[in-house]
Amino acid sequence: MVLLLPFVSILLGYFLARYFAQNESGLAYLLSFSGAFLLSVTLFEMLPEAFETPSRKIGMFIMSGILLQIILDFFSKGAEHGHVHLNKHSQNFPWLLFLSLSIHSIIEGFPVTTNHDILLGVIIHKIPIAIILTLYFRKAKFSTLTTLTFLLLFAIMTPLGSFMAEYVLFLRNYLSAINAVSIGVFLHVATTILFESSKDHKFNFTKLLTIFLGVLIAYFI
Ligand SMILES: [Zn+2]
Ligand SMILES: [Zn+2]
């Protein structure tokens, strides 16, 4: 049941979008916090677990995850880490964005089945992403139907990944490989969020505080 929470966090993002439309800096803090938190649970929980049986292969799978996310970025234009650029003159369903977000989200569904801290990291990470997608779709004048269809389909992808991890028997042999790939995906997304949060190199105390808070909370939970 808890594995449906990433679905709920997308819906939450959709409904919070109205509030954050007026509060751009609040959204930036939420994004920074989510990046710091996700990076921390990846380093504190997933990485040690992945190397419990040390092997070069694990490193290779993590690298594959980073490379995969770099490729997905070409199609999503950065939606996984917090900004969207689509063809402004088209209100058609954005298939490339949808496909890349879906692959990303299905992979995220695997590690959350075994670790609740990572589940929490993914839930928190999805809220600002859903807000950003909703705000973008509104601004680009997509119909409410298209926006909602997109978000609902996008929202079921992580629970779908969790379902596959638990019930698709032949995948059982590949779980540690897929979890290592997801570490690479998280490392890329979370570090990009942190990197882009200080893009203009302007010192922002509140943002710095939200990042430290994200790390501390992840450490102590
Ligand atoms: Zn970017
Ligand atoms: Zn994600």
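A pocket is an open set of points on a 1 Å grid over the protein atoms alone, with protein on both sides within 12 Å along at least five of seven lines. Its volume is the space filled by probe spheres set on the points. The model is predicted, and totals for linings use all residues. Residues are numbered from 1 along each chain as its sequence is written.

The largest pocket has a volume of about 820 Å³. Its lining comprises 24 residues (those with an atom within 4 Å of a point), and E24, L27, G82, H83 and I132 lie nearest its centre. Two or more lining residues come from each of α1 (5–21), α2 (24–50), α5 (116–139) and α7 (175–197); helices are DSSP runs (H or I) of at least four residues. α2 gives the most, with 5 residues.

The second largest pocket holds about 260 Å³ of space. It is lined by 14 residues, and M46, E49, A50, S176 and N179 are the closest to its centre. Here α7 gives the most, with 4 residues.

H81 is buried, at 4% relative accessibility, whereas H83 is partly exposed, at 24%. Buried means under 20% relative accessible area, exposed over 50%, and partly exposed in between (1.4 Å probe, protein chains only).

How values were computed:
Chains are lettered from A and ligands numbered from 1 in the order in which they are written. This is a predicted model: local features need pLDDT of at least 70, side-chain atom pairs count only at pLDDT 80 or more; totals for chains, interfaces and linings use all residues. Side-chain values use heavy atoms; hydrogens and water are left out. On a 1 Å grid over the protein atoms alone, a cavity is a set of points where a 1.4 Å probe fits but cannot get out, and a pocket is an open set with protein on both sides within 12 Å along at least five of seven lines; lining residues have an atom within 4 Å of a point.
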